[in-house]
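Thank you for sending this model for comment. My notes are set out below as numbered points, to be read beside the sequence and the structure.

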Amino acid sequence: MLLPQILNVEAAPALWAELGRARGAPLELDASEVDRLGAPCLQVLLAAANAWAESGLPLRIIRASPAFREAVRVMGAELMLPLSEGE
């Protein structure tokens with residue numbers, strides 16, 4: 001699933017709904033196009049990572065843009081979000 005360029009408070013409900021439709025299967029989220037990541041969407045992504053982990057299914061964030069990685073780092077979530085390295 002390709003994540004949108006802007007992941008702000010307005011994008012959070014749609015992201016939550018999209019992730020809900022993907023439940024029950026392994027999931028890769030492509031963050032290559034993300035220019036802005038706000039706290040509400042980060043919370044949605046963290047909740048999804050927890051839900052997938054509890055289900056025993058993999059959820060990976062691939063090709064994270066520099067802006068995505070920096071936002072995750074600034075908000076202190078780099079150890080909680082499954083960012084794949086080198087993709």
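1. Basis of the note. This is a predicted model, in which local features need pLDDT of at least 70 and side-chain atom pairs count only at pLDDT 80 or more, while totals for chains, interfaces and linings use all residues. Residues are numbered from 1 along each chain as its sequence is written, and side-chain values use heavy atoms, with hydrogens and water left out.

2. The nonpolar core. In soluble globular proteins, nonpolar side chains tend to be buried together. Here the largest nonpolar core has 29 residues, and those with the most contacts inside it are L7, L37 and F68. A nonpolar core is taken as a set of buried Ala, Val, Leu, Ile, Met, Phe, Trp, Tyr and Cys residues joined through side-chain atoms within 4.5 Å; buried means under 20% relative accessible area, exposed over 50%, and partly exposed in between, with a 1.4 Å probe and protein chains only. Two or more residues of this core come from each of α1 (12-22), β2 (27-30), α2 (39-55), β4 (59-62) and α3 (66-74), and α2 gives the largest share, 8 residues. Helices (H or I, at least four residues) and strands (E, at least two) are DSSP runs, numbered from the N terminus.

3. The surroundings of L7. Contact means heavy atoms within 4.5 Å. When its neighbours within four places in sequence are left aside, L7 is in contact with L15, V34, R36, L37, G38, C41 and F68. Two of these partners, L37 and F68, are named with L7 as having the most contacts inside the core.

4. Helix α1. The buried residues of this helix are A12, L15, L19 and A22. Seen down the axis of α1, they fall within an arc of 85 degrees, so they line one face of the helix; the arc is that of the directions from the helix axis to the C-beta atoms. The face of α1 turned away from the buried side carries the exposed residues P13 and R21. The cover over the buried residues of α1 includes β1 (6-7), β2 and α2. Just after the helix, G24 takes a positive phi of about 95 degrees.

5. Helix α3. In this helix F68, A71 and V72 are buried. They cover an arc of only 100 degrees around the axis, which puts them on the same side of α3, whereas P66 and V74 are exposed on the other side. The buried residues of α3 pack against β1, β3 (36-37), α2 and β4. After α3 comes G76, whose phi is positive, near 70 degrees.

6. The loop serine S65. Where does S65 lie, and is S65 buried or exposed? S65 is found in the loop between β4 and α3 and, at 7% relative accessibility, counts as buried. The side chain of S65 reaches the backbone oxygen of V34 at 2.5 Å, and a polar atom of the S65 side chain lies 3.1 Å from the backbone nitrogen of F68. Not counting residues up to four places away in sequence, S65 touches A31, S32 and V34.

7. With a salt bridge taken as a side-chain nitrogen of Lys or Arg within 4 Å of a carboxyl oxygen of Asp or Glu, the count comes to 4. E18 pairs with R21, the closest N and O atoms being 3.0 Å apart; these residues are 3 apart in helix α1 and so separated by about one helical turn. E18 is partly exposed, with a relative accessible area of 35%, whereas R21 is exposed at 62%. In helix α3, the side chains of E70 and R73 meet in a salt bridge (2.7 Å, N to O), and these two residues, 3 apart, are likewise separated by about one helical turn. E70, at 38% relative accessibility, counts as partly exposed, as does R73 at 45%.

8. D30 forms a salt bridge with R63, the closest N and O atoms being 3.2 Å apart. This pair links D30 in strand β2 with R63 in the loop between β4 and α3, 33 residues apart. D30 counts as buried at 13% relative accessibility, while R63 counts as partly exposed at 38%.

Note on methods
Polar contact = N/O pair within 3.5 Å; in protein donor to acceptor, adjacent residues only side chain to side chain.
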